[in-house]
Structure formats: C-alpha cells, structure tokens
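Here is a short briefing on one chain. Keep the structure open while reading the points below.

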Amino acid sequence: MKKLFLLFAPIAIISFFSCKKDDIPKTDDFAGIWVEKTQQLDTLDFDEWRTMVQSEPIAMLRCQPFIDSVTNPTFVISREFYWYKAEGTNLLLRNGLSSTMTYTTYPIVFSADRRTFSIDRFYKRRSLANRIEFVRIR
C-alpha cells in the first residue's frame, strides 16, 4: 500500500499544480480584439491603448449605438473604456467615464484554448443575458 502511495502521490501533486495555474487568467490573456458572441454588436479592444498608457491596462468597448432607457434615456452609448486588472479568476473593471475610483469584480472563465471567455454583463446593453461570452477575433 505504501509503495502504491509513493508511486501515485507525486503524479497527483504535479497534475494538480500544472492544471491549476492555467485556469487563472493573466493580463496578457486578454490581448487582442474580442467580439460579444450572441449579438456581435460590441467589441472589446485590449490592444489600442496598450502602448499609449503606461499605467494600468485599458480596454476599449466599442458598441453598435444603443440607449440605456433606464439610467439615461437621452444619452447614446457607443464607446466606453475600462481600466482592468486580472486577479485570480476575476476581472476587475473600472469604467473610465465614471466618477468612481473603485473596481467592480467580475468572475471570468476562459475556454481551454483561451479563444473565448465568459463574464457577467458589465455594460448596459439590456438585450444581452446576464452572463455574456466574448470570442477573440484578432
């Protein structure tokens, strides 16, 4: 029994640690341009400001124009930007057009090949589900 344990324990430990670290998103995992999967009206560009801003990373959200009739029925939303941080299995976002300086935490799940990720809806297009998926297009 002890020999069996000594044989399989190192394999189990190595497997656990090698799988675990791949599940945690890093800031570089978001590089590129991503499109929202269901309606394909909105894109996230994580590259546009990468070289312009040396502080925190910025993501640009470009939208097919829409109006948030609940919050502000006269303002057309077509572009927003977000400061972001990858922290554990979460993406922390702070709207660059808001007066708040606090980040909001959104659980994020990447596909195994890192070509898609799902996140709770963080912008006001109400026709989207509460959980949305983005696909890397570039």
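A contact here means heavy atoms within 4.5 Å. Among contacts in the chain between residues at least 6 apart in sequence, 38% join residues at least 24 apart. The model is predicted. It has 1 helix and 8 strands, and from the N terminus the order is α-β-β-β-β-β-β-β-β.

**Confidence**

- The mean pLDDT of the chain is 79. Of its residues, 73% reach 70 or more.
- Among the elements, helix α1 (residues 2–22) has the lowest mean pLDDT, 46. Strand β8 has the highest, 97.
- Over residues 4–20 the pLDDT is below 50. Beyond near neighbours in sequence, this stretch has 1 contact in the model.
- Where pLDDT is low, the predicted coordinates should not be read in detail.

**Surface and burial**

- The chain has 138 residues, and 33% of them count as buried.
- The chain exposes about 8,900 Å². Carbon and sulfur atoms supply 60% of that area.

**Nonpolar core**

- The largest nonpolar core has 23 residues. Those with the most contacts inside this core are Leu44, Phe117, Ile119, Phe122, Tyr123 and Phe134.
- Two or more core residues come from each of β3 (58–68), β4 (72–87), β5 (90–95), β6 (104–110), β7 (116–120) and β8 (131–136).
- Strand β3 gives the largest share of this core, 4 residues.
- In soluble globular proteins, nonpolar side chains tend to be buried together.

**Phe117 and its surroundings**

- What does Phe117 touch, not counting residues up to four places away in sequence? The list is Phe30, Trp34, Leu44, Ile108, Val109, Phe110, Ile132, Glu133 and Phe134.
- Buried means under 20% relative accessible area. Phe117 has 1% relative accessibility, so Phe117 counts as buried. Phe134 is buried too, because its relative accessible area is 0%.

**Aromatic pairs**

- A search of the whole structure finds 14 aromatic pairs.
- Phe117 and Phe134 form a stacked pair. Their centres are 5.5 Å apart, with 25 degrees between the planes.
- This pair links distant parts of the chain. Phe117 sits in strand β7 and Phe134 in strand β8, 17 residues apart.
- Is the pair of Phe122 and Tyr123 stacked or edge-to-face? The ring centres are 5.0 Å apart and the planes lie at 65 degrees, so this pair is edge-to-face.
- Both partners are buried: Phe122 has 11% relative accessibility, and Tyr123 has a relative accessible area of 3%.
- Ring pairs link Phe30, Trp34, Phe46, Tyr82, Tyr84, Tyr106, Phe110, Phe117, Phe122, Tyr123 and Phe134 into a cluster.

**Arginines**

- Arg94 lies over the face of Trp83, at 4.3 Å from the ring centre.
- The charged end of Arg114 sits over the ring of Phe110, 4.8 Å from its centre.
- Where does Arg126 lie? Arg126 is in the loop between β7 and β8.
- Arg126 has 44% relative accessibility, so it counts as partly exposed.
- The C-alpha atoms of Arg126 and Phe66 are separated by 9.6 Å. These two residues are 60 apart along the chain.

Technical notes:
Residues numbered from 1 in each chain as written. Predicted model: local features only at pLDDT ≥ 70, side-chain atom pairs only at ≥ 80, totals over all residues. Heavy atoms only, no water. Buried < 20%, exposed > 50% of the residue type's maximum accessible area, 1.4 Å probe, protein only. Areas by Shrake-Rupley, 256 points an atom, 1.4 Å probe, with all protein chains shown as cover. Core = buried A, V, L, I, M, F, W, Y, C linked by side-chain atoms within 4.5 Å. pLDDT = per-residue confidence, 0-100. Phe/Tyr/Trp six-rings, centres within 6.5 Å; stacked < 30°, edge-to-face > 60°. Lys NZ or Arg CZ within 6 Å of the ring centre and 35° of its normal.
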